[in-house]
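Colleague: I'd like to learn how to read a fold from its coordinates. Could you walk me through one?

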Amino acid sequence: MSTPVQASAGQQPAESAGRRAIWLAIAALAMTFMLPLAGLVMALFALVAGLRALPLLRGAGRPTGAAVGGITVSSIALVLSALATGMQLYLMNEYSAYQECMKGATTVSSQGECFAQFREAAQRKLPPDVLELLGAMQT
């Protein structure tokens, strides 16, 4: 017969589950803007943590706000990181050409020319309404 696992003093599993969900969701949102693929994975972990925290909190009679907040924020991060990852994969060739161009760009004007070439390549590949949505078009 095994003994049940006891939580550390002052820290109940249900209470920490809600906080864990919201902190993972915030980390996922931050990672989405730095490394979208890592943000996608982190958002999945946060979503699972939030979904697992809900029954624990309800069973303990505790407020579920942190878990619901974690689920909401992680869902937003999941959508944003999926879109950003998809965009990176779709524009992979154009971005690789931009990086190669930047390797040889030694002046500010040549760096600007590399960006202009990248923007033109992206404009050829993406519909105009997507470019406007992304704010990539400069008038």
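Modeller: We'll go from the whole chain to its helices, then to a disulfide and a surface patch. Keep in mind that this is a predicted model, where local features need pLDDT of at least 70, side-chain atom pairs count only at pLDDT 80 or more, and totals for chains, interfaces and linings use all residues. Numbering runs from 1 along each chain as its sequence is written, and side-chain values use heavy atoms, with hydrogens and water left out.

Colleague: Okay, how many helices and strands does the protein chain have?

Modeller: Helices (H or I, at least four residues) and strands (E, at least two) are DSSP runs, numbered from the N terminus. Here the count is six helices and zero strands, so the pattern along the sequence is simply α-α-α-α-α-α.

Colleague: And what share of the residues in the protein chain is buried?

Modeller: Buried means under 20% relative accessible area, exposed over 50%, and partly exposed in between, with a 1.4 Å probe and protein chains only. Of the 139 residues, 26% are buried. As for contacts (heavy atoms within 4.5 Å), take those between residues at least 6 apart in sequence: 60% of them join residues at least 24 apart.

Colleague: What span should helix α2 have?

Modeller: The expected span is 1.5 Å times one less than the number of residues. Helix α2 (residues 36-59) has 24 residues and should span 34 Å; its end C-alpha atoms are 35 Å apart, which agrees. Helix α3 has 26 residues and reaches 37 Å, close to the 38 Å expected.

Colleague: Which residues are buried in α2, and what covers them?

Modeller: The general idea first: an α-helix has 3.6 residues a turn, so residues three or four places apart point the same way. In α2 the buried set includes G39, A43, A46, L47, G50, A53, L54 and L57. Their cover includes α1 (13-34) and α3 (65-90). Just after α2, G61 takes a positive phi of about 70 degrees.

Colleague: What about α3?

Modeller: Buried there are A67, G69, G70, I71, S74, A77, S81 and T85, and what covers the buried residues of α3 includes α1 and α2.

Colleague: Is E94 buried or exposed?

Modeller: E94 is found in helix α4 (residues 92-104), and at 15% relative accessibility it counts as buried. Leaving out residues up to four places away in sequence, E94 touches F118, A121 and K125.

Colleague: How many disulfides turn up?

Modeller: A disulfide is a covalent bond between the sulfur atoms of two cysteines; the test is a pair of cysteine sulfur atoms within 2.5 Å. A search of the whole structure finds one: C101 and C114, with sulfur atoms 1.9 Å apart. The torsion about their S-S bond is about -80 degrees, so the disulfide is left-handed. C101 lies in α4 and C114 in helix α5 (residues 108-125), so the pair ties together parts that are 13 residues apart in sequence. C101 is partly exposed at 24% relative accessibility, whereas C114 is buried at 3%.

Colleague: Last one: which residues form the nonpolar patch on the surface?

Modeller: Patches are made of residues with over 30% relative accessible area and no salt bridge; like charges are joined within 9 Å, nonpolar side chains (Val, Leu, Ile, Met, Phe, Trp, Tyr) within 5 Å. A salt bridge puts a side-chain nitrogen of Lys or Arg within 4 Å of a carboxyl oxygen of Asp or Glu. Here F33, I76 and L80 form the patch, with about 310 Å² of accessible area together, by the Shrake-Rupley method with a 1.4 Å probe, where for residues only the protein chains shown count as cover. L80 is in helix α3 and counts as partly exposed at 35% relative accessibility.
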